[in-house]
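Biologist: I am new to this one. Please put the structure up, and I will ask about it piece by piece.

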Amino acid sequence: MSERVYISIVGETNVDGECDKTEMVTEGDYVFRAGKYLLRYRERLIEDGEECSTIIKCDGQKVTMTRTGSANTQMIFENGKRHVSLYETPLGSFSVNILTDSLNVDVGEAGGEIKIDYALDINSSMRTQNRLHLNIRKTPQNFGA
């Protein structure tokens with residue numbers, strides 16, 4: 001059974017020494033299924049203002065983020081490993097190469113935190129350094145449940 005949670009998301013992107021920071025708080029669903037914690041929420045993308053659905057799967061020390069909607073992608077984060085993904089938007093698709101520098105997953109029944117530092121190469125040309133921090137907490141109606 002899934003529980004409603006508050007999710008605080010802080011993302012930072014650094015390109016050529018310029019840092020862009022975004023923060024968001026939203027509600028989502030959180031469930032433990034088949035040995036993995038799953039987090040699902042909806043967000044409005046800054047690029048086009050359209051909504052997308054995001055599912056984050058925590059599988060030990062591996063995190064998979066799948067987005068569907070106006071943008072579609074699946075990004076895999078593992079300490080020290082490189083993964084290639086396709087990022088599809090209404091304006092076209094491009095390849096992203098993800099190298100996870102640091103991954104800290106501390107989630108459990110009551111929620112927790114996910115911290116990811118990673119490098120992203122877009123179409124093998126533009127490189128960004130990124131930081132993603134998610135804080136997951138039960139909503140008031142779920143406390144004591």
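Biologist: Which residue in E10 does Val10 stand opposite?

Modeller: First, the basis: this is a predicted model, in which local features need pLDDT of at least 70, side-chain atom pairs count only at pLDDT 80 or more, and totals for chains, interfaces and linings use all residues. Residues are numbered from 1 along each chain as its sequence is written, and side-chain values use heavy atoms, with hydrogens and water left out. Strands (E, at least two residues) are DSSP runs, numbered from the N terminus. In E10, the residue opposite Val10 is His133.

Biologist: Over how many bridges do E1 and E10 pair?

Modeller: Two strands pair if DSSP finds at least two bridges between them. E1 and E10 pair in the antiparallel sense. The number of bridges is ten.

Biologist: Which are the edge strands of the sheet?

Modeller: Ten antiparallel strands make an open sheet, ordered E6-E5-E4-E3-E2-E1-E10-E9-E8-E7. An edge strand here pairs on one side only. The edge strands are E6 (73-78) and E7 (82-89).

Biologist: By how many degrees are neighbouring strands of this sheet turned against each other on average?

Modeller: Axes are lines fitted to C-alpha atoms, and angles run from 0 to 180 degrees between N-to-C directions. For this sheet direction is ignored, and the average is 25 degrees.

Biologist: How many salt bridges does a search of the whole structure find?

Modeller: A salt bridge is a side-chain nitrogen of Lys or Arg within 4 Å of a carboxyl oxygen of Asp or Glu. The search covers the whole structure, and the count is nine.

Biologist: How many residues apart in sequence are the parts that Glu3 and Lys138 tie together?

Modeller: Glu3 and Lys138 form a salt bridge, with the closest N and O atoms 3.7 Å apart. Glu3 lies in E1 (residues 3-15) and Lys138 in E10 (residues 126-138), so the parts tied together are separated in sequence by 135 residues.

Biologist: Is Lys138 buried or exposed?

Modeller: Buried means under 20% relative accessible area, exposed over 50%, and partly exposed in between (1.4 Å probe, protein chains only). Lys138 has 9% relative accessibility, so the class is buried.

Biologist: What is the N to O distance between Arg42 and Glu51?

Modeller: Arg42 is partly exposed at 46% relative accessibility, and Glu51 is partly exposed at 35%. Their side chains meet in a salt bridge, N to O, at 2.7 Å.

Terms used:
Helix = DSSP H or I, 4+ residues; strand = E, 2+ residues; numbered from the N terminus.
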